Amino acid sequence: MIEARGLTKVYGMPRDGAVSALRGAGERRRNAVREAGGFLAVDDVGFSVSAGEIFVIMGLSGSGKSTVLRMLNRLVEPTMGSLLVDGADLAALPQDELRQLRNRKINMVFQHFALLPHRRVRENAAYGLKVRQAPAKQRMERADWALRRVGLEQWADSYPHELSGGMKQRVGLARALATDAEILLMDEPFSALDPLIRRDMQELLLQLQSEDRRTIVFVTHDLNEAMRIGERIMVMRDGRVAQCATANEIISAPADDYVTEFVADVDRSRVLTAGNVLRPPLVTARCGESPVEVLKRLENVEMNGIFVLDETGRVVGVATDKALAGALRDGGTTVESCLGGDYHAVPADAPIVEFCDLAGRHTVPIAVVDADRRLLGVAPRAAILAALAVPKKVRHA
Amino acid sequence: MPELPIGDAVEKFTQFLQDHLGEAFDVFANVLMQLVDVVYTVLVAPHPLLLIAVLAVLAWLAGRRVTLVVFTVLAFLLVASMQLWVQTMQTLAVVLVAAVIAVAVGVPLGVWAARSSRVSMVIRPVLDFMQTLPVFVYLIPAVFLFGIGVVPGVVATTAFAVPPAVRLTQLGIRQVDAEVVEAAVAFGSRPWQVLREVQLPLALPSIMAGINQVIMMALSMVVIAGMVGAQGLGSVVVQSVTQLDIGKGFEGGLAVVILAIYLDRLTSAAGSRDLTRRRARRRAAEPDAPAQRDRMHEEVTVPLA
């Protein structure tokens, strides 16, 4: 959907000068531009966003994230680099077609809502349609539809200053929904809201996104927000891409010290999943094995319980050493006679927060299973704790 | 120090204008004269009491304030009873024509200057020059080019009144929230759409303040214009100065003050009217708006959370 290659933006000097300063400067690009009197805001940024994805650009202020976002609809003209939207070269578009594209295909939601204060909520929501000179009736119907989707239909006749911040941003969202654009650019849309409202708005966005999948590029400086809504996250620093990966990959394998530090105060238990702490089980037992063999295997690893699997690898239960010893005494011949249900199984994509309190409760570690309850591995308590602890140094995965 | 003949140059330039564009200036002077005449005729056509009623209605429409209406009626009755009605209307006609021209020139210039910093850079010293040049200095070339009478008065008044229109329009447009303008562009607006639907409406309070200033400037200039033969309160004042007639001078001055207060209150009330009226209407429509908002908020958020 969106293909960006080598996007570069230099502020404060004419484009030709910037290009010649950049050319051949190699790693010294930043200094070369500064010596020429400019400022390198975005430096060789490339990424691609596929249709229906929520792509998050994250970074502190001054990292160039908003500039990157504004290059996607040419509110900021790139100094260098190429940008394809649906295969069409954005840089080559004449002004007229660019306006068409902004009106019909790429819409934007702003940090401070950017509503027209002298227009009613309904007229604000219909703004994009007004620009394309749609008939008034159609405009209003479409605006009402969009306001309904964000839960503001009763406020259509109010003015923006009567609304709370969260409601204003709902109008901002409705304005973008009304145009039916496939791509939504969101520039820190929830940063100006207080935390509870912010969470509501994130939920609303995810809910809208599940109803009709748009391609969303979302800029934020809030890592928890990025982790919550982003499928993939691009972390930026000083105008460059520090890492571009899924939330999980960024936390479990940060690319450098900067990213490590950045993710330090993220709630890791919500991002990391059972899959991240998966270990192969030390020992397992098969249906049909005798208690003696199984007990011996348990003794070798000094454990108190063992997962018993059927021939396809499905978990049928847990045999504890006590039960095995009892079966031995009573003359049981297979482990089936001493199966118990004293264990907890989770899918590989379950966030750690959902099961970490259960770790250590049972004689066996938490089982990680697939959809057919086949054992993929176990999540030992030590592995969970290690994953949740903030790493001091880079861990190379 | 070498002597720079700037004065000579200006004189020669004015002479040049008269020699080569004299006819054009004559045509212009005629048009302007007609314009002032038309406005004046309209103003003195009805009986003074009728016009006072009209002015009072205008005052009511602009501000919806009884005090302004009462002031208007009493003040203009005073003017009429001082036997200065005709002169006041002559002055009002000149002020109106000059103000309309100044706004028609100044507002577009202000828009242009707001959109281009280069234009702004060029215009700024010119405005400074226009505003600080002693007002009498305007009159000399104006008389030279347009002769004695009301026309040089209008021209000088207009030239003097243009700067605030330009400045406040420019300021108003530059003060419009950049993000709102960006949003308009991001939704595919053309530059003129941004101007018409976002920048001008949002700059309106500032532009109205500019128009108010224009009128005030015009009024302060119009007395001076009396010196070059423009009929009206200016000539009343000038005459009483030459005749050392204290009483007549005071009456003329008082009429100017009344006109000034009326025009100032009228335009400043019109500038802030939009917002207040909108708020009042809304308050009447939904008296419990804040409570409703809280309820609304719960309705929206609970099912999502």
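## Chain B: an all-helix chain

Take the contacts in chain B between residues at least 6 apart in sequence: 77% of them join residues at least 24 apart. The model is predicted. Chain B has twelve helices and zero strands. Read from the N terminus, its elements run α-α-α-α-α-α-α-α-α-α-α-α. Of the 305 residues in chain B, 37% are buried.

Helix H10 of chain B covers residues 233-242. Its buried residues are Leu233(B), Gly234(B), Ser235(B), Val236(B), Val237(B) and Val238(B). After H10(B) comes Leu244(B). The phi of Leu244(B) is positive, near 50 degrees.

## Annotated spans in chain B

An unreviewed UniProt entry marks "transmembrane region" in chain B at residues 38-61, 68-86, 92-114, 135-162 and 214-238. Two of these spans can be described further.

Residues 68-86 of chain B are 84% helix and 0% strand. The end C-alpha atoms of residues 68-86 lie 23 Å apart. Residues 135-162 of chain B are 89% helix and 0% strand. Here the end C-alpha atoms lie 13 Å apart.

## Where the chains meet

How many residues does the contact take from chain B and from chain A? Chain B gives 23 residues and chain A gives 26 residues.

## Chain A: domains and annotations

The domain assignment of chain A gives domain 1 (2-105 + 181-266) and domain 2 (275-387). The C-alpha centres of these two domains of chain A lie 46 Å apart.

UniProt, in an unreviewed entry, lists "domain: ABC transporter" for residues 27-263 of chain A. Residues 27-263 are 41% helix and 22% strand. The end C-alpha atoms of this span are 26 Å apart. An unreviewed entry also gives "domain: CBS" for residues 278-334 of chain A. Residues 278-334 are 37% helix and 25% strand, with end C-alpha atoms 29 Å apart.

## A covered strand in chain A

Is strand E3 of chain A mostly covered or mostly open? Strand E3 (residues 54-58) is mostly covered, with five of its five residues buried. In a regular strand, side chains alternate between the two faces of the sheet. In E3(A), Ile54(A), Val56(A) and Met58(A) lie on one side, and Phe55(A) and Ile57(A) on the other. Both faces of E3(A) are covered.

E3(A) has strand partners too. Five bridges join E3(A) to strand E8 (residues 215-220) of chain A, and the two run parallel. Opposite Met58(A) stands Thr220(A) in E8(A). E3(A) also runs parallel to strand E9 (residues 232-237) of chain A, joined by four bridges. In E9(A), Met234(A) is the bridge partner of Ile57(A).

## An open sheet in chain A

Chain A also has an open sheet of four strands. What is the order of its strands? The order is E2-E1-E4-E5, and the pairing is antiparallel. The edge strands are E2 (39-49) and E5 (88-89) of chain A, and each pairs on one side only.

Leu84(A) has Asp89(A) in E5(A) as its bridge partner.

## A two-sided helix in chain A

Helix H14 of chain A spans residues 291-301. Pro291(A), Val294(A), Leu295(A) and Leu298(A) are buried there. Why do these residues count as one side of H14(A)? They lie on the same side because they cover an arc of only 100 degrees around the axis. On the other side of H14(A), Lys296(A) and Asn300(A) are exposed.

What covers the buried residues of H14(A)? The cover includes strand E11 (284-286), strand E12 (305-309), strand E13 (315-320) and helix H15 (321-330) of chain A. Glu302(A) follows H14(A). The phi of Glu302(A) is positive, near 55 degrees.

Technical notes. Residues numbered from 1 in each chain as written. Chains lettered and ligands numbered in written order. Predicted model: local features only at pLDDT ≥ 70, side-chain atom pairs only at ≥ 80, totals over all residues. Contact = placed C-beta atoms within 7 Å. UniProt positions renumbered as here; feature names shortened; annotations may be inferred. Domains from an automatic or database assignment. Pairing = 2+ DSSP bridges. Buried ≥ 20, exposed ≤ 12 C-beta atoms within 10 Å, placed from the backbone. Arc of directions from axis to C-beta.
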